[in-house]
Each structure stands twice: as structure tokens, then as C-alpha cells.
Amino acid sequence: MPKETEQRQAPPSADDSSAARFEQDLQDLASKAKNDTFINRSLHLLSVYARVGFLLALLGVYSNVSQLNLSPVYGSIPASIYHGKLLMTGCFVGWATNVALCQFLPIKASQAIPIVALYAPAVQCFLFRYSGLLGAQWGPVITEGLTLFPLAVLTAAAAADELENARLSMLPRAIADAAPGVGSWGLLKLVEQHSGKHLQANMGRMIVYTRLGLELMLGALHAVVARSRYLVYAVPPLLHTILVNPHVSSPAATGALVSSMMSDGWLLLDRRESVTGYLSVVQNMNEGFRAMRCDHSLLGGHWTHVDGGKVLEPIYGVFAMLEAVRMAESETPVADKDAHALVVGLGVGTTPSAFVTHGINTTVVEIDPVVYEFASKYFDVKENNRPVLEDAVSYTAALAKTAPETFDYIVHDVFTGGAEPVQLFTLEFFEGLRALLKRDGVVAINYAGDLVLPTPRVIYRTIKQVFPTCRTFRESARDDEEIKATGVDFTNLVFFCKRTKAPLTFRKPTASDYLQSAAREEFLQLRHEVSEDDLLSSNDTSILRSNGTSVVVKWHEQSALGHWAIMRSALPAKLWEEW
């Protein structure tokens with residue numbers, strides 16, 4: 001072979017190869033430098049921040065949706081006890097361990113998020129069946145520990161990954177290191193706060209504003225962000241949610257739930273999601289009663305097998321007790337046909353229906369239009385005025401300025417979820433009621449709570465600041481042995497109060513007061529009076545003001561847990577779990 005041919009076919013030397021690589025690297029750097037303009041860098045940063053902001057916003061919305069899904073089974077207060085801690089811990093774990101997490105997971109954290117989000121409804125549905133075993137305190141923790149917590153971990157890890165190479169170089173190093181974490185948490189909490197208000201005001205307006213509708217929408221939005229072949233693993237839980245989950249607001253799911261309940265002797269008459277919570281009307285076919293629920297609380301009900309009365313027979317005596325407000329004696333008695341009453345809180349309409357039947361001009365204030373719709377449709381609410389479907393705080397404050405001393409009787413009957421809505425028990429709200437009450441009028445305030453806790457005494461002291469003369473009655477007699485065994489004395493109290501210092505006495509009820517109702521014949525007697533000394537025995541002198549509600553909010557958790565147990569004895573666990 002010729003010498004020159006051998007030279008042409010010889011492999012390149014190491015020096016030639018290194019030189020070629022060096023030249024290629026220079027070309028790559030030059031190309032990168034050419035493309036690395038200020039505009040391109042800015043567009044890249046905006047793209048990264050937009051993706052991160054979208055992920056954090058979805059988590060902020062899901063934080064509210066998670067609690068909404070727990071509230072029908074556990075109540076809104078038990079669902080919130082550890083919620084914030086779980087969310088914060090999950091975000092911290094994901095942010096701090098994002099590198100290790102990326103090495104541990106077979107896929108990117110952002111691609112795992114939609115799988116977890118779409119699995120969440122199926123996991124919740126499965127765990128709800130064991131709510132009685134898990135209890136109101138730990139049930140929400142375990143459920144969110146398997147749904148919200150991993151979603152928070154993955155979202156924080158994905159955000160940290162995206163922001164790792166998108167630091168703002170013009171800032172000092174310490175600020176540049178801290179800003180992404182602080183800013184991410186601030187954005188998350190901001191979205192959580194504003195979306196919570198938006199969802200509360202719009203729940204039930206359309207299918208997307210339902211608990212399962214929101215979860216499915218969030219899962220779909222996550223899937224749009226992370227397009228991946230791994231999404232095929234989310235198909236089974238998605239099919240379960242659409243086809244099997246009884247909580248979906250669809251005709252198919254509702255029909256299946258109706259069939260399941262009928263096999264146990266229960267009839268589901270209606271259900272809806274609304275501004276105050278998940279509402280449904282159920283009827284026990286064996287025992288013969290109908291009731292309306294709101295989340296994990298009962299708003300009232302009546303017996304269906306009792307006929308012939310002028311009004312429906314209530315299943316709870318406290319609503320009959322409230323009607324005793326018209327039996328309070330006064331210097332100038334008012335005939336029913338000349339009297340005016342204001343009822344704050346409709347429920348199933350037991351008290352206002354009785355007032356209307358007696359001929360009293362009655363105005364009802366109810367914040368939830370679905371409560372009014374269900375009460376009218378299934379509980380035969382009687383009315384002689386259109387209800388005021390507004391927030392009672394703002395309505396009574398405005399009315400007190402334009403129409404003071406309008407009402408002979410005011411009934412304050414608002415309660416749900418094991419704790420009083422604090423803004424309706426403040427000094428300022430009671431002052432508004434006092435302004436609306438005629439000088440010789442009487443107010444009846446229904447308070448449901450654990451009398452072992454300090455809250456009832458705070459509420460009573462607040463009432464006494466406005467109404468100097470009061471008498472208090474329990475729905476049932478005090479059971480010292482039960483209280484000693486459980487440490488709980490959960491009952492309904494009715495405070496009857498006057499705006500003057502004149503003594504408060506009641507005439508004896510007559511047959512016309514009973515409206516042919518056995519419950520009224522029993523509970524209008526007001527048998528179980530609580531002495532004022534028992535309610536004011538504490539050395540505490542605090543009262544509840546609109547800007548100082550923490551004085552009672554701190555006791556809400558214990559009261560709500562006790563109320564949860566009582567509700568589980570009122571209706572079977574399956575009814576609460578399957579909504």
C-alpha cells in the first residue's frame with residue numbers, strides 16, 4: 001500500500017480531536033451568548049414564574065376544596081383543626097427535600113401531581129366509610145395526610161425545581177435565596193384566602209361549584225400542566241369518581257345513592273350544595289320522621305306519622321320552647337293578630353310556622369336560599385311575609401336604623417356544626433336586636449353547646465350587657481352521672497330576655513298554644529330552668545365583641561367534637577358518610 005494512502009486512513013490524533021471539541025465548545029458558547037439576550041432571559045423567567053404561580057394557585061384552591069369535602073362527614077371545625085399544619089408541613093418538606101425527592105421518584109414531581117389530585121376523590125370516598133372508627137379528630141388528619149399532604153409536598157418540590165435556576169441575580173444573595181420560598185408561601189396563602197371567600201359565596205351555582213366538581217376540575221388543570229404518559233395511571237380513580245362515587249352531583253350517582261339508602265329504610269328526598277354547606281333532606285321510613293341536614297349537623301325535622309295537627313310535629317323540643325316567647329307576660333298584652341315577630345334563622349321553619357298559624361305577622365331572615373327552598377318544599381313552612389334572604393348581621397343593623405322598636409318578639413335561632421356563628425352572638429349584634437325590639441317586647445335566643453365549657457357563660461354575660469332581665473331553660477334535665485362519665489354536657493338552652501329590668505314571667509300555656517301538638521304540650525311548660533348563678537359563677541368577666549371573637553373561638557374545637565358524636569347518635573354513620 002502506498003505510504004500516502006496509509007497516512008490518509010490513519011485515525012486523527014488526540015490533539016486534533018481536542019482541538020475540534022474546543023472549537024465546537026466555542027461555537028456553542030458563542031451561539032448561547034448570542035441568544036442569551038435580556039429579552040430572552042426575561043421571557044424565560046416569566047415562563048418559569050407563571051408555571052410556578054399556576055401550581056401554587058391550584059394548591060391554594062385545593063386547600064379549601066379539601067376542607068369542603070371533609071365537612072359533610074366530619075364538620076367544618078373538626079376538618080380545620082390540623083388542616084393548616086398539614087399544609088404548611090407538606091410545603092416545607094417538599095421545598096426542603098426537592099432534590100432528594102426528584103432522585104427518589106421515577107418521574108418528575110410536577111408529573112406526579114395530577115395523579116395524586118385525581119386519586120384524591122377515590123381515597124376520600126374509601127376513608128369516609130371508616131369515619132366512625134377514625135373519629136372526628138383523627139379522621140380528617142388521616143384523610144388529608146393521604147390527599148392534601150402529598151399534593152403539597154409535590155407542588156412545593158416542583159416549584160423549588162423550577163425556581164432553582166431562575167434566581168434574580170440582581171438581588172443580594174441572601175435575599176435571592178429567601179425570596180422564592182417566602183414569595184411562594186405568600187402567593188399560596190393569598191390564593192387560599194381569596195378563593196375560600198369566592199367558593200363560599202358561589203357553592204352550588206353550577207356543577208363546577210360542587211365539591212367533587214371542583215376536585216375533578218383541579219385534577220384536569222394539573223393534567224394540562226403536566227402532560228405525560230403516566231396520566232394513564234389516573235384513569236381508574238377517575239372512572240371510580242365519575243361512575244361509583246355517591247358524592248358526585250349527577251343523576252346517575254344520586255339514583256344509585258337513593259337505591260342504596262332505601263335498602264336500609266331511608267329515603268333521600270333532595271340534596272344540594274349551597275353557601276352554608278352541603279344540604280340534604282332524608283326520611284326514615286321505619287321510624288317515621290323527616291330531617292334536614294347541613295354538613296354534619298341537623299337543622300331540624302318533623303314526625304311524618306303524626307297527622308291532624310295544625311302544624312307539623314317537630315322532632316326536637318327546643319323549637320317548641322322558642323314559641324314560649326309569645327307567652328311572656330307584659331303590662332300591655334298584645335293580641336297575636338296585632339303582634340310582629342322577627343325570626344333570625346329559618347331551619348325547617350318550625351317556629352315561624354307556629355307564629356303564622358297563631359296569626360302573628362312574622363318576618364324571617366335566612367342567609368341560605370336553598371334552606372328556604374327545602375323548608376318550603378318538604379316541611380310545609382307557613383309564611384305571611386316573603387323571607388329576607390340576606391346576612392342577618394347586615395340586615396338587622398340596617399333595619400335598626402330605619403325601623404327601630406318594630407317587633408314584639410324576636411327569635412334568634414342560628415346554629416350549625418357544633419359551634420355558634422360568633423358574629424351573631426356578639427355584643428354589637430345583640431344591641432341591634434335590642435333596637436328592633438319594642439320596649440315591652442321579649443327576645444328568645446337558642447344556644448346549643450357544651451355547658452362544661454366557658455363559652456355559654458361568655459355568651460350569657462354578653463346577652464346580659466344588652467338585656468338586663470333574662471331567664472334560661474334547658475331542653476332536657478341535667479344528667480350528672482352522664483356528665484361525670486363523659487365530661488360533656490351538650491344541650492340546647494333558650495335565653496328569654498327583656499330590654500327592661502321588669503321581672504320576666506310566663507303565663508300558663510293553654511290548649512290553643514299547643515296547636516294540637518304533643519311536643520308543644522310537653523316543651524311549652526319550660527320545666528328545666530337554669531339559675532343565673534350557675535351561668536355567672538365564673539370569675540371571668542369577658543364578653544364577646546365583634547373585634548374580639550377569639551374569646552370563644554378557642555373553645556369551638558372541643559364543642560364541635562362533642563357535637564359530632566351527638567350527631568352520629570341521631571343519624572346512622574352511613575347517612576353522614578354517603579352524604
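Let me start with helix 8, whose buried residues are Ser 131, Gly 135, Ala 136, Gly 139, Pro 140, Val 141, Thr 143 and Glu 144. Buried here means under 20% relative accessible area, exposed means over 50%, and partly exposed is in between, with a 1.4 Å probe and protein chains only. Helices (H or I, at least four residues) and strands (E, at least two) are DSSP runs, numbered from the N terminus.

A word on the source. This is a predicted model, in which local features need pLDDT of at least 70 and side-chain atom pairs count only at pLDDT 80 or more, while totals for chains, interfaces and linings use all residues. Residues are numbered from 1 along each chain as its sequence is written, and side-chain values use heavy atoms, with hydrogens and water left out.

Back to helix 8, residues 131-145. Its 15 residues have end C-alpha atoms only 14 Å apart, short of the 21 Å that a straight helix would reach at 1.5 Å a residue. The expected span is 1.5 Å times one less than the number of residues. Where is the kink in helix 8? A kink of about 95° lies at Gln 137, shortly before the proline Pro 140. The bend at a residue is the angle between axes fitted to the seven residues ending there and the seven starting there.

Now the record. Under "transmembrane region", an unreviewed UniProt entry lists residues 42-62, 82-105, 112-132 and 138-160. UniProt positions are in the numbering used here, feature names are shortened, and annotations may be inferred rather than shown by experiment. In the model, residues 112-132 are 90% helix and 0% strand, with end C-alpha atoms 31 Å apart. For residues 138-160 the figures are 91% helix, 0% strand and 30 Å.

On a 1 Å grid over the protein atoms alone, a cavity is a set of points where a 1.4 Å probe fits but cannot get out, and a pocket is an open set with protein on both sides within 12 Å along at least five of seven lines; lining residues have an atom within 4 Å of a point. Grid points are joined across faces, edges and corners, and a volume is the space filled by probe spheres set on the points.

The structure holds five cavities of 30 Å³ or more. The largest cavity has about 110 Å³ of space. It is lined by 14 residues, and the closest to its centre are Leu 312, Gly 349, Thr 350, Ser 353 and Phe 379. Strand 4 (297-303) and helix 15 (350-358) each supply at least two lining residues.

The second largest cavity has about 80 Å³. Its lining includes Leu 346, Tyr 372 and Lys 382. Helix 15 and strand 6 (361-365) are the elements giving two or more residues to that lining.

The second largest pocket has a volume of about 320 Å³. Of its 17 lining residues, Ala 328, Ser 330, Pro 333, Val 334 and Tyr 409 are the closest to the centre. Strand 7 (407-412) and strand 8 (437-450) each give two or more residues, and strand 8 gives the most, with four.

Last, two single residues. Leu 575, in helix 26 (573-577), is buried at 12% relative accessible area. Leu 575 and Met 261 are 314 residues apart in sequence and 8.0 Å apart in space, C-alpha to C-alpha. Ala 518, in helix 22 (518-523), is exposed at 54%. The C-alpha atoms of Ala 518 and Gly 196, 322 residues apart along the chain, are separated by 44 Å.
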